[in-house]
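Please read this briefing alongside the sequence and the 3D structure.

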Amino acid sequence: MSRPTLHIIIASTRPGRVGPAIAAWFEGVAKEQGSFDVAVIDLKEFNLPIYNEPGHPMTGVYAFDDTKKWSASVTRADAFVFVMPEYNHSFNAALKNAIDFLHREWNYKPVAFVSYGGISAGTRAVQSLKPTLTALSMFPLAEQVAIASHQQYLADGVFHAAAGLDDVAQSMLGNLARWTSAMASLRE
Ligand SMILES: Cc1cc2nc3c(=O)[nH]c(=O)nc-3n(C[C@H](O)[C@H](O)[C@H](O)COP(=O)(O)O)c2cc1C
């Protein structure tokens with residue numbers, strides 16, 4: 001039987017961001033865990049403008065190629081992990097903007113989180129985002145990989161996870177796989 005597709009979405013788009021380093025670590029864990037076919041999706045590569053579609057995303061009718069490309073990507077996924085920073089005690093604007101562009105593409109898909117930041121470890125960002133995700137009929141998992149003071153684990157652009165973090169990530173992926181399987185029937 002084929003495995004479901006997991007998209008690990010790098011939410012940060014700023015020059016010098018640490019998101020790709022953390023996503024690269026998580027990609028390795030996800031491949032080892034083995035429940036999913038894994039792809040890393042970099043929001044920066046989509047280069048989405050501030051929301052500019054004339055129609056409501058519920059229609060699925062898009063005027064711009066950028067949106068169509070983004071729609072095709074999200075459609076391919078059965079589940080998501082957002083690798084997301086905390087900006088001003090909330091989620092970063094690029095992530096919310098990218099979410100807003102689409103609607104049905106997100107429906108009935110589960111999402112888990114790898115968050116990072118200072119002492120709050122990005123937990124406020126994740127909590128702030130959950131109402132948006134449920135508005136799209138997504139299921140945000142309670143499990144979360146939350147990395148506090150992430151800078152201490154970065155050396156030469158590589159993220160070196162603290163002891164035990166791989167186990168937390170594997171456990172979250174196991175639960176994500178269960179929700180992915182359960183929610184597949186809702187999309188039929
Ligand atoms: C605009 C901005 C606001 C930030 N606000 C917070 C914050 O509220 N809490 C926090 O823990 N870190 C905050 N930070 C620090 C980020 O956690 C840190 O810069 C992190 O590396 C951002 O992720 P990125 O490098 O992948 O963009 C902020 C950073 C920026 C650029």
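Phe82 has Phe113 as its bridge partner in strand β4. This is a predicted model, in which local features need pLDDT of at least 70 and side-chain atom pairs count only at pLDDT 80 or more, while totals for chains, interfaces and linings use all residues. Residues are numbered from 1 along each chain, as its sequence is written. Helices (H or I, at least four residues) and strands (E, at least two) are DSSP runs, numbered from the N terminus.

**The sheet**

- The open sheet is formed by 5 strands in the order β2-β1-β3-β4-β5, with parallel pairing. Its edge strands, β2 (37-42) and β5, each pair on one side only. From one strand to the next, the twist averages 20°.
- Two strands count as paired if DSSP finds at least two bridges between them. Strands of a sheet pair through backbone hydrogen bonds, either parallel or antiparallel.
- β3 and β4 pair in the parallel sense over 6 bridges.
- Axes here are lines fitted to C-alpha atoms, for helices over the stretch in contact, and angles run from 0 to 180 degrees between N-to-C directions.
- β1 and β2 also pair in the parallel sense, over 6 bridges. Ile10 stands opposite Asp42 in β2.

**Burial of the strands**

- A residue is buried if 20 or more other C-beta atoms lie within 10 Å of its own, exposed if 12 or fewer, and partly exposed in between, with C-beta atoms placed from the backbone.
- In β4, 8 of the 8 residues are buried, so this strand is largely enclosed by the rest of the structure.
- Both faces of β4 are covered, with Pro110, Ala112, Val114 and Tyr116 buried on one side and Val111, Phe113, Ser115 and Gly117 buried on the other.
- In β1, 5 of the 6 residues are buried, so β1 is likewise largely enclosed by the rest of the structure.

**Ser115**

- Ser115 lies in β4, which covers residues 110-117. Ser115 is buried because 27 other C-beta atoms lie within 10 Å.
- Leaving out residues up to four places away in sequence, Ser115 touches Met84, Glu86, Ala121, Gly122, Thr123, Ala125, Val126, Gln144, Ala146 and Ile147. Contact means that the C-beta atoms of two residues, placed from the backbone, lie within 7 Å.
- Ser115 and Glu45 are 70 residues apart in sequence and 20 Å apart in space, C-alpha to C-alpha.

**Helix α5**

- Helix α5 (residues 123-135) has a kink of about 30° at Leu129, shortly before the proline Pro131. The bend at a residue is the angle between axes fitted to the seven residues ending there and the seven starting there.
- Ala125, Val126, Leu129 and Leu133 are the buried residues of α5. These buried residues pack against β3 (79-85), β4 and β5 (139-148).
- Ser137 follows α5 and has a positive phi, near 55°.

**Loop residues with positive phi**

- Ala121 is found in the loop between β4 and α5. Its phi is positive, about 60°, although Ala121 is not a glycine. Ala121 is partly exposed because 19 other C-beta atoms lie within 10 Å.
- Ser149 lies in the loop between β5 and β6 (154-155). Ser149 is not a glycine either, yet its phi is positive at about 45°. Ser149 is exposed because 11 other C-beta atoms lie within 10 Å.

**Asn97**

- Asn97 lies in helix α4 (residues 93-100). With 16 other C-beta atoms within 10 Å, Asn97 is partly exposed.
- Asn97 touches Leu48, Ile50 and Tyr51, not counting residues up to four places away in sequence.
- Asn97 and Pro49 are 48 residues apart in sequence and 8.4 Å apart in space, C-alpha to C-alpha.

**The ligand**

- The ligand is surrounded by 13 residues, of which the closest are Ser12, Arg17, Pro85, Gly117 and Gly118. A residue is near a molecule or strand if its C-beta atom, placed from the backbone, lies within 6 Å of it.
- By class, this shell has 3 nonpolar, 7 polar and 3 charged residues. Ala, Val, Leu, Ile, Met, Phe, Trp, Tyr, Cys and Pro count as nonpolar, Asp, Glu, Lys and Arg as charged, and the others, Gly among them, as polar.
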